[in-house]
Amino acid sequence: MSEVFIVGFNGSPRKNGNTMKMLSVALKAAEYEGANTKIYHLYDYEIKQCKGCLCDDLLRCKYPCEIEDDMKLLYDEIIKADGLIIASPIYWYNVSAPVKNLIDRMTIFENSIFIEGNCPTEGKVAGIIAAGNDSGCISVISNLYAVLNSMGFSIPPWALAYKNSNRLLDEEENRVLDAANVGRVVTIMAKVLKDKKIGWFNNKLLEKLHIHST
């Protein structure tokens, strides 16, 4: 079975905080399952806000993005990766600003299905980690699940982990176990899907079904 490459995105400004600790556990488990891994600390990179140019011209929203910043590097890593694990602190029931910018700028992948007829992220795998001291973890996870699935990512069972208490992470072994399993299941599914060109989204489907808009 082919070797897979799993990229972890740390969306926390703290490189030794709970978000990063859980991501590290996930990637360690991914490596145990045979994956090559790499971590990107999003706060170390310039990721400018999306300008929403596709609302003016659908054809402008394409790879490479016309905005000049560090997303070019991150785009290339996402394209090379077989799976992503996005880890974010919980900021008011949502992700941190760099994670939001990353996701918004990944719209070029989703939009490519309409420009080129295929999506570079289709068939890749994603898992989510959310960490905070209060509520909002499920809001973060469910939002990212919906967005990433809309970009063609597959979400395997158990591909989520969260922490939402003031307790030390070392005291919450079940949360650490969840994080480890995120890395495991993302790697397992990435192995299953690697090199399988299924073509999940069919933009000619209505034509094939003889369904026409009025």
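A pocket, as I use the word here, is an open set of grid points with protein on both sides within 12 Å along at least five of seven lines. I kept that in mind while going through this predicted model.

**Entry 1: the second largest pocket**
I began with the second largest pocket, and about 240 Å³ of space lies in it. I found 13 residues in its lining, and those nearest its centre are E122, N149, M151, G152 and F201. Which helices each supply at least two residues of this lining? I noted helix 4 (107-115) and helix 5 (137-150). Helix 4 gives the most, with three residues. Sorting the lining of the second largest pocket by class, I got seven nonpolar, four polar and two charged residues.

**Entry 2: the largest pocket**
Next I turned to the largest pocket, with a volume of about 350 Å³. I listed 21 lining residues for it, and P120, E122, G123, K196 and K197 lie nearest its centre. The lining of the largest pocket divides into 10 nonpolar, four polar and seven charged residues.

**Entry 3: helix 1 against helix 6**
Then I looked at how two helices meet. I remind myself that two packed helices are described by the angle between their axes and the distance between the axes. For helix 1 (residues 18-32) and helix 6 (residues 173-193), the axes come within 7 Å and cross at roughly 45°. Helix 1 and helix 6 are therefore oblique to each other. I also checked the hand of the crossing, and it is right-handed. On the helix 1 side, M22, V25, A26, A29 and A30 make the contact. From helix 6 come R175, V176, A179, A180, G183, R184 and T187. By class, I wrote down eight nonpolar, two polar and two charged residues for this contact.

Last, I went through the backbone. Where is the cis peptide bond? I found it joining Y63 and P64, with omega about -5°. P64 sits in the loop between strand 2 (36-41) and helix 2 (71-80). I also stopped at D195, with a positive phi of about 70° although D195 is not a glycine. D195 is in the loop between helix 6 and helix 7 (205-208).

Definitions and conventions. Residues are numbered from 1 along each chain as its sequence is written. This is a predicted model: local features need pLDDT of at least 70, side-chain atom pairs count only at pLDDT 80 or more; totals for chains, interfaces and linings use all residues. Side-chain values use heavy atoms; hydrogens and water are left out. Axes are lines fitted to C-alpha atoms, for helices over the stretch in contact, and angles run from 0 to 180 degrees between N-to-C directions. Helices (H or I, at least four residues) and strands (E, at least two) are DSSP runs, numbered from the N terminus. Angles under 35 degrees count as roughly parallel, over 145 as roughly antiparallel, 65 to 115 as roughly perpendicular and the rest as oblique. A crossing is left-handed if the near helix is turned anticlockwise from the far one by less than a right angle, and right-handed if clockwise. Contact means heavy atoms within 4.5 Å. Ala, Val, Leu, Ile, Met, Phe, Trp, Tyr, Cys and Pro count as nonpolar, Asp, Glu, Lys and Arg as charged, and the others, Gly among them, as polar. On a 1 Å grid over the protein atoms alone, a cavity is a set of points where a 1.4 Å probe fits but cannot get out, and a pocket is an open set with protein on both sides within 12 Å along at least five of seven lines; lining residues have an atom within 4 Å of a point. Grid points are joined across faces, edges and corners, and a volume is the space filled by probe spheres set on the points.
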